[in-house]
Amino acid sequence: MKSSEIIYLDNNATTRVDPAVVEEMMPYLTEFYGNPSSGYRFGQKVGKALEVARERVAALLGCAPNEVLFTSCGTESTNAAINSALMLDRDRQHIVTTRVEHSATLKHCETLAKRGHEVTWLGVDERGQIDLKELEKSIRSDTAIVTVMWANNETGVIFPIHEIAEIVRKKGALFHTDAVQAVGKIPLAMSESKINFLSLSGHKLHCPKGVGVLYANRKTKFAPYLIGGGQENGKRAGTQNVTGIVGLGKACELAGAAMAHEDTVVKGFRDDFEKGVMEQIEGVQVNGDREHRLPNTSNLAFDGIDSEGALMLLDQHHICCSSGSACTTGSVHASHVLQAMGLSDERARASLRFSFSRFNAADEVAKALEILPKVVSKLRRIALAA
Ligand SMILES: *Cc1c(COP(=O)(O)O)cnc(C)c1O
């Protein structure tokens, strides 16, 4: 299989590494292998590269460089924020989150609940939105942290994060947002915000896998998750993933420059695709709030199809996308996100997620629009015959 043949419409799962990111990383793989913590110039040169990357991430987020901690992935960042809040105040051990979080938060909170922490799970309406009044009421005097994702990875639905952060701050708890899907796609404008912690991940942003960031507000106390050396200002031990971090800095710089493109060209791919699907295929519904949605994501339910079958047929045409179900230990579960929105199991199992990026092209959208109607009618024929 040649990667040039692939029509990659699964950019919320991971993204193609930007060649400019690779170029930025190369010298740190080959020539400059010094330890950034070493005192001599050969190490300090690498240390300086980390600081340049930190400034670039801070510029994209709109925060101070010393609020940027480099981690190994988005999952580590979300875990670290929640754990810090629980560690710092024995009297605050309650957590508030939503039913539609990524498994990085969901499974962590489920595990914490099994260990005795009380967790409040906020539901969503059919558009995938939470009720802010309910959120406000759920915050108690013993709430350690409220964690709500900025944008949903399955539906692209965007939560009003600044508003939520205000509510949480007024009620005296800490607030973390999993912004893995939002960074680079929508402006975050962190400078005035009441957010305490924010997580992002490199590989959703055209950087290689295995590097992430935890934004930790400088006035917010932080208890480290990884303990050891004094790296990252004593807040995250372990010798840094220098090449990944250098790449992430570049990826953030490029994402800032491409933000307008995201809202025009990438959104155009998504909108053209959705319009084409609606015109050519009957019985299609958009899942999630169309008004507050990432510009790159389209989650569609196709009446009477099985999404797992659709993935296989699309794969034969080199089209990559995701289904509204997850295969765990052999059985297929309808997506927890679509279920939380109150969609039937049947509709959830008939849903596909298409997610675009600046590395897609108009001819790929056209090709997908040529293949998809055939795949859907084939599956509908099979379902009728069964
Ligand atoms: C991908 C993703 C994560 C996990 O990031 P990793 O770097 O893969 O650990 C967390 N949250 C959301 C919303 C994601 O899409």
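## The second largest cavity

Leu69, Thr71, Glu76, Ala80, Leu214, Phe222, Tyr225, Leu226, Lys235 and Arg236 line the second largest cavity. A cavity here is a set of points, on a 1 Å grid over the protein atoms alone, where a 1.4 Å probe fits but cannot get out, and lining residues have an atom within 4 Å of a point. Two or more of these residues come from each of strand E2 (68–71) and helix H3 (74–88), elements taken as DSSP runs of at least two residues for strands and at least four for helices. The volume is about 50 Å³, counted as the space filled by probe spheres set on the points.

This is a predicted model, in which local features need pLDDT of at least 70 and side-chain atom pairs count only at pLDDT 80 or more, while totals for chains, interfaces and linings use all residues. Residues are numbered from 1 along each chain as its sequence is written, and side-chain values use heavy atoms, without hydrogens and water.

## The largest cavity

The largest cavity has a volume of about 110 Å³. Of its 15 lining residues, Lys185, Lys204, Leu205, His206 and Glu262 lie nearest its centre. Because domain 1 (3–16 + 259–385) and domain 2 (19–257) both contribute to the lining, this cavity lies between them; the domain bounds come from an automatic or database assignment.

## The ligand

An oxygen atom of the ligand is 2.6 Å from a side-chain N or O atom of threonine 75, and 2.6 Å likewise separates a ligand oxygen from a side-chain N or O atom of serine 201. For lysine 204, the corresponding distance is 2.8 Å.

Technical notes: Polar contact = N/O pair within 3.5 Å; in protein donor to acceptor, adjacent residues only side chain to side chain. 1 Å grid on protein atoms, 1.4 Å probe; cavity = no way out; pocket = protein on both sides within 12 Å on 5 of 7 lines; lining within 4 Å.
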